[in-house]
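Hello,

Here is the structure we spoke about. Please load it first, then read my notes below alongside it.

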Amino acid sequence: MSVTAVAPARRRGPGFLQVVGQDRMKLALLLAAVDPLIGGVLIRGERGTAKSTLARALAAVLPPREVVAGCRFHCQPSEGDLCQECRRRSQGGVPLPLEIVPTGLVELPLGATEDRVVGSLDLEFALNSGEVRFQPGVLAEANGQVLYVDEVNLLDHHLVDVLLDAAASGRNVVEREGVSASHPSHFILIGTMNPEEGELRPQLLDRFGLCVDVVGLRDPEQRVRVMESDLGATDPTNADESLRLQLIAARRRLPEVEVSRNLIRVAARMAVDQRVVGHRADLVMVRAARALAALRPGASAEVRPAGLQDLMEVSELALVHRRRVAGSWVPTMAEGVADQQTGAPAPGGDPESTQGGEGEEAGAGEAGEGGQSSSPGTAAEATSGQAGPMPAPPSANVELEERYEAGRLQLPHERRRRRGSGRRSRTSSQDRRGRYVSSRWQERTTDLALDATLRAAAPHQVERRGTAPAGDGRAIQLERQDLRQKVRQRRIGNLIVFLVDASASMDAEQRMDATRSAILALLREAYVRRDRVAMISFAGRSARVALRPTSSVDLAERQLSRLAVGGTTPLTHGLVAALDLILAERRRDQDVLPLLVLISDGRGNISLRGDEPLREAQAAAAEIHRARIHTVVIDTSRDHLPLTPTPGGPQLAGYHFNACADLSRRLGGEYFALFDVTEQGILRPVAEALRRGT
Amino acid sequence: MSEPRSVYPFTALVGQDRMRLALELNAVNPSVGGVLIRGQKGTAKSTAVRALARLLPEIQVIRGCRYGCDPLSEPLCLECQQRRAEGEELVSEPRRMRVVELPINASEDRVVGSIDLEAAIHAGQRRFQPGVLAEANRQILYVDEVNLLDDHIVDVLLDAAAMGVNVVEREGISVWHPARFILVGTMNPEEGDLRPQLLDRFGLCVDVEGISDLSERVEIVLRREAFEEDPEGFQAAWAEAEDRLRVQIAEAMALLPQVEVGRPVLEAIARLSIALDVDGHRADLVGRKAAQALAALRGGRSAGIAEVAEVAPMVLSHRVRSHPGQRSPDVAEVASRVLGEA
């Protein structure tokens with residue numbers, strides 16, 4: 001079968017101009033189409049706001065392109081970048097035959113495997129001729145066109161790396177399966193995503209030239225028009241055709257649009273004011289302003305220079321996703337806390353680019369204010385009924401962080417070594433579950449990647465057929481060294497077990513309430529990560545599983561509505577119950593990532609096995625540590641005793657040293673002292689522990 | 001994947017009116033976008049879905065097409081396009097709609113399709129082996145326990161549901177084929193929630209509960225026993241009721257394009273979505289279609305506020321955002337207030 005990814009008409013969607021409202025989104029897409037060097041568009045927004053519809057509709061208005069006839073990589077000589085085959089052809093001095101073809105949209109589906117994205121060995125050709133030939137993949141198909149990734153934030157890390165490589169270099173270089181190839185791959189990258197489903201990796205985020213945050217229309221009138229346009233079967237071609245002509249004209253004007261040095265200075269000034277990361281923002285702003293000037297020429301369609309107005313109109317599109325994360329823990333950590341393992345922040349370097357892609361949204365408050373103060377008098381910016389760029393929803397953690405910071409105690413003991421790269425919820429899975437992303441050779445193949453195996457065997461077939469015993473009817477002679485194993489990836493959720501002291505004390509009620517709302521808050525976010533939460537409370541003479549591991553908000557809400565407090569402190573009972581629960585879960589799924597959160601003052605006073613309560617608790621803690629369960633200890637006592645008892649020092653509830661900190665050390669966990677137990681106070685250390693990788 | 005030979009008649013179901021109505025609306029207009037049925041086990045969810053297929057009129061498909069292409073709807077699949085390009089005259093034939101099941105342990109290659117093992121080994125050819133999404137084209141795609149589906153399967157399902165097309169770029173294969181289906185899912189909310197993105201893809205959502213009315217419960221047992229003792233006889237007894245509903249649905253489908261939804265009604269729909277602060281516009285679009293389908297089902301020529309009010313809970317309940325520490329607004333209550341003003 002030949003590559004037929006792009007058929008003339010795949011579906012009938014509405015035309016570009018038929019989509020009601022969403023003018024900022026339209027503008028961004030058009031600018032990217034006028035000047036591909038802008039670097040594509042990322043569209044972020046809530047579900048059901050015509051993101052994908054509009055992105056797909058763009059294909060119909062794109063200007064056609066001139067390519068080398070018969071080239072498998074759609075080389076465009078005007079780009080000055082040719083594939084190996086075209087270069088060879090043109091060496092003879094014969095001009096390459098050219099043809100004009102429509103520009104379309106190539107889609108990269110989430111389920112794609114690496115071989116199809118970068119291209120691989122041409123199987124059938126190899127089988128028949130025994131020769132190695134490269135079969136182009138999606139990156140070849142996308143050359144000179146739009147590469148569209150729906151739900152781009154869900155794209156596998158593996159594929160993101162490949163995509164970034166090509167986007168950065170404009171070339172796709174393949175060295176795999178005995179194939180060695182390199183071809184141009186210039187594409188307009190368009191991605192859509194719903195931030196609710198998870199964030200985008202910072203490197204990929206920065207790769208998108210422009211970014212738009214879309215929201216649903218809030219005006220009944222416009223909503224009615226959306227419904228009406230959904231009904232109507234008006235022919236999109238006419239309006240879109242004239243838009244296409246406009247784009248062609250704009251592209252022609254583009255090289256002639258002047259950009260003054262002054263304007264570039266203003267752009268640079270804006271980037272500095274807005275505290276953006278890197279230099280790409282300045283560049284993109286200038287290019288986008290120029291594209292806008294080309295798109296909207298002066299009177300009688302004459303070329304006009306790009307002006308301040310243009311810059312103002314496009315600036316937010318280039319800035320919104322590049323503002324330094326404001327007020328969140330990332331800069332705080334880099335700037336304030338000296339003992340962090342990261343060096344000083346390199347201005348212009350990558351912002352804490354951990355692999356996890358957990359980058360937070362720009363802080364809402366600052367983003368909003370900054371946008372207004374820097375663009376005075378730009379009434380023209382409000383091009384639509386839509387409110388300006390939507391500030392990202394405030395990260396719930398941000399505001400309370402300072403308050404929280406005050407209550408944090410650093411233990412004198414040695415810092416825990418941190419494992420892993422922060423890909424806490426992604427692991428290569430060995431048990432044939434998960435998404436097949438690529439393949440590799442390994443000693444014993446347990447999960448055969450048939451396609452890769454065939455490709456490995458294919459070049460040798462002609463030769464092997466010669467030596468095969470006569471009458472062997474098999475078309476393919478496989479040998480052991482051909483076998484390839486599937487590499488799969490799977491997202492694994494955390495199991496967060498809250499172990500809460502429900503014994504009588506002044507703030508028992510508050511402790512329970514805070515824990516309860518922390519659990520609910522975690523669960524509301526959990527669908528992003530597939531986390532599950534459980535809760536065990538201990539009081540009186542026993543521990544009780546108040547909530548079995550679940551990811552259901554419904555269930556948690558119901559079961560946690562009534563939590564009794566009062567009585568003595570059977571700490572050991574609680575620790576043992578938590579250990580049992582986690583081990584049981586581990587038996588069911590050995591990949592589960594448990595995090596134990598102990599919320600207590602650590603002053604147990606009930607014996608489980610007849611030993612002294614303190615010693616029992618310490619022994620249980622050591623056991624949990626041995627089971628390699630990550631723990632966070634939140635100390636709720638309002639009086640902090642020293643870690644080591646001093647002779648004649650104070651004594652509280654029979655304890656004369658900080659039992660909780662001691663416990664935390666034995667658990668090998670992290671210790672936090674909270675003077676005031678709040679939902680956020682609990683959530684923050686938990687979120688931090690999860691972020692680092694349990 | 002195949003359905004049992006004897007299917008319990010839809011009309012013989014006792015109670016569960018909301019669920020039945022939601023399914024019927026989808027039958028009248030598949031573009032309503034499917035149903036999510038939330039509730040406990042043993043509430044006739046699966047029975048109802050399978051029974052529904054029996055009531056749907058036959059569809060025309062291109063003979064020999066692996067995807068069941070609609071001869072009247074362009075574009076055709078790649079294979080049909082190729083056949084036509086080679087000069088073959090495409091013949092259509094009628095086919096009954098089926099329920100295609102997506103088991104929750106399905107692997108991704110089975111869902112989206114993969115390289116054809118046999119063709120590869122025996123003939124050395126790289127050919128596409130269609131998966132469940134191909135089979136489900138123009139059928140009902142039924143996912144029991146949809147909330148337990150693996151994340152990456154959900155992703156591909158979303159992709160296909162959103163586009164009506166399954167794009168395959170894997171294992172050396174590069175194809176696309178149409179994948180339009182009525183997505184019907186069931187879930188038990190106690191076992192975990194569904195990602196909002198997938199939730200939004202279901203046009204309608206109904207919550208079912210076990211019936212507490214004693215006489216109805218008895219009736220359920222009696223009918224079930226009668227069915228199991230003599231399936232054919234039971235079906236024969238209900239044949240007339242089934243035929244009546246089948247005709248009603250067919251007539252509603254014919255009537256549907258003529259059912260008007262006036263501008264004030266559209267405004268009311270929009271205002272309701274705004275009042276409930278739902279994401280995006282899908283709720284509006286589904287609301288209009290569902291109200292229209294309801295009017296058609298009742299033989300009316302226009303959909304009014306009454307129809308909107310009746311479908312509102314199904315359209316909106318799963319789209320209302322829940323905020324931490326707040327109770328979700330009561331859709332029916334807000335609907336009666338907002339629509340009362342209209």
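**A glycine in a loop of chain A**

In chain A, the loop between β18 (593–600) and α22 (613–626) holds A:G602. One caution before going on: this is a predicted model.

Is A:G602 buried or exposed? It is buried: 25 other C-beta atoms lie within 10 Å of A:G602, and the cut-off for buried is 20 or more. Leaving out residues up to four places away in sequence, A:G602 touches A:L571, A:D635, A:A659, A:C660 and A:L663. A:L614 sits 12 residues from A:G602 along the chain. Their C-alpha atoms are separated by 8.9 Å.

Most residues other than glycine have a negative phi. Two residues of chain A are worth a look here.

- A:A50 has phi near 65°, a positive value, and is not a glycine. Its loop runs between β1 (41–45) and α2 (51–57) of chain A. A:A50 is buried, with 26 other C-beta atoms within 10 Å.
- A:R628 also is not a glycine, yet its phi is positive, about 55°. A:R628 lies in the loop between α22 and β19 (630–635) of chain A. A:R628 is exposed, with 9 other C-beta atoms within 10 Å; the cut-off for exposed is 12 or fewer.

The strands themselves are β16 (residues 532–539) and β17 (residues 542–550) of chain A. They pair in the antiparallel sense, over 6 bridges. A:M535 has A:L547 in β17(A) as its bridge partner.

**The two chains overall**

| | Chain A | Chain B |
|---|---|---|
| Helices and strands | 24 helices, 20 strands | 14 helices, 13 strands |
| Residues | 694 | 342 |
| Buried | 49% | 49% |

**Where the chains meet**

How many residues of chain B are in contact with chain A? The number is 60, and they meet 63 residues of chain A. On the chain B side, helix α11 (residues 263–276) gives the largest share, 8 residues. By class, that side of chain B has 23 nonpolar, 14 polar and 23 charged residues.

**The sheet in chain B**

Chain B has an open sheet of 5 strands. The order is β4-β7-β10-β1-β11, with parallel pairing. Which strands are at the edges? They are β4 (99–101) and β11 (204–208) of chain B, and each pairs on one side only. From one strand to the next the twist averages 20°.

Take one pair as an example. Strand β1 (residues 35–39) of chain B runs parallel to β11(B), and 5 bridges join the two. Within β11(B), B:L204 stands opposite B:V35.

**Helices in chain B**

Start with α1 (residues 17–28) and α12 (residues 282–297) of chain B. They pack at an angle of about 90°, and their axes are 9 Å apart. Angles of 65 to 115 degrees count as roughly perpendicular, so α1(B) and α12(B) are roughly perpendicular to each other. From α1(B), the contact uses B:E24, B:L25 and B:V28. From α12(B), it uses B:A290, B:A293, B:L294, B:A296 and B:L297. That contact has 7 nonpolar residues, no polar residues and 1 charged residue.

Next is α13 (residues 305–316) of chain B. Its length checks out: at 1.5 Å a residue, the 12 residues should span 16 Å, and the end C-alpha atoms are 15 Å apart, which agrees. Which residues of α13(B) are buried? They are B:E307, B:V308, B:V311, B:A312, B:M314, B:V315 and B:L316. The cover over these buried residues includes α1, β11, α11, α12, β13 (302–303) and α14 (331–341) of chain B. Several of those elements came up above: α11(B) at the contact with chain A, β11(B) at an edge of the sheet, and α1(B) and α12(B) as the packed pair.

Best regards

Technical notes:
Residues numbered from 1 in each chain as written. Chains lettered and ligands numbered in written order. Predicted model: local features only at pLDDT ≥ 70, side-chain atom pairs only at ≥ 80, totals over all residues. Axes fitted to C-alpha atoms, helices over the stretch in contact; angles between N-to-C directions. Helix = DSSP H or I, 4+ residues; strand = E, 2+ residues; numbered from the N terminus. Parallel < 35°, antiparallel > 145°, perpendicular 65-115°, else oblique. Contact = placed C-beta atoms within 7 Å. Nonpolar A, V, L, I, M, F, W, Y, C, P; charged D, E, K, R; others polar. Pairing = 2+ DSSP bridges. Expected span 1.5 Å × (residues − 1).
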